[in-house]
Amino acid sequence: MTAAQQYYELYRGSSIGEALIDTIDDLINDGRIEPQLAMKILANFDRSIADTLAEKVKSRLTFKVGQTLSCVSREILRSIQGHLETYRFCDDVWTFLVKNVKFKSDGGQEFHADKVKIVSCNSKKPGEP
C-alpha cells in the first residue's frame, strides 16, 4: 500500500464513523491533539474499515422491488428490479434511491424497506487492473 492511496470516506457517515469524528472533535477542542493528527486518524479509519469489510464480510443480500429497471447501467443494477426514484453518477460513485425494496439474505431471511439508498463504488484499489 502506498502512502498516497485514497479510500472512500463513505463510512465516516456510519454510526461508528460519526462517533469517531465526535471524539476527535472533542480531543481537538480540548487541545489534546492537533488537526493534522485528526486527519491521519480519519484516513486510517477509511482504510481500516474498507479493508476489514472487504476481508471479513462474506454474507450477501439480494433485493428486488416492483418493476424492472432498464434506464441505468445494467452492470450495476443487474439484480435490481423496481421503481428507481433517483440516481446519479459523480466521481466514480453511483447513488440510487429505490422504493419498496425486498431484501433476501444468504440464509433466506427476507426484509422489506419502503425506501433504500444504495451507494456503489469501485472496489478496486488504485493501481489494480
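## A strand-to-strand pair

Lys99 is partly exposed, with a relative accessible area of 33% (buried is under 20%, exposed over 50%, partly exposed in between, using a 1.4 Å probe and protein chains only). The side chain of Lys99 meets that of Glu85 in a salt bridge, 3.3 Å from N to O; a salt bridge here is a side-chain nitrogen of Lys or Arg within 4 Å of a carboxyl oxygen of Asp or Glu. Glu85 sits in strand β2 (residues 84-90) and Lys99 in strand β3 (residues 93-105), so this pair links distant parts of the chain, 14 residues apart (strands are DSSP E runs of at least two residues, helices H or I runs of at least four, numbered from the N terminus). Glu85 is partly exposed too, at 31%.

## About the model

This is a predicted model, where local features need pLDDT of at least 70 and side-chain atom pairs count only at pLDDT 80 or more, while totals for chains, interfaces and linings use all residues. Residues are numbered from 1 along each chain as its sequence is written, and side-chain values use heavy atoms, leaving out hydrogens and water.

One joins the side chains of Arg12 and Asp46, at 2.5 Å from N to O. Arg12 lies in the segment before α1 and Asp46 in helix α2, so the pair ties together parts 34 residues apart in sequence. Arg12 is buried at 14% relative accessible area, and Asp46 is buried at 3%. Together with Glu9, Arg12 and Asp46 form a network of salt bridges.
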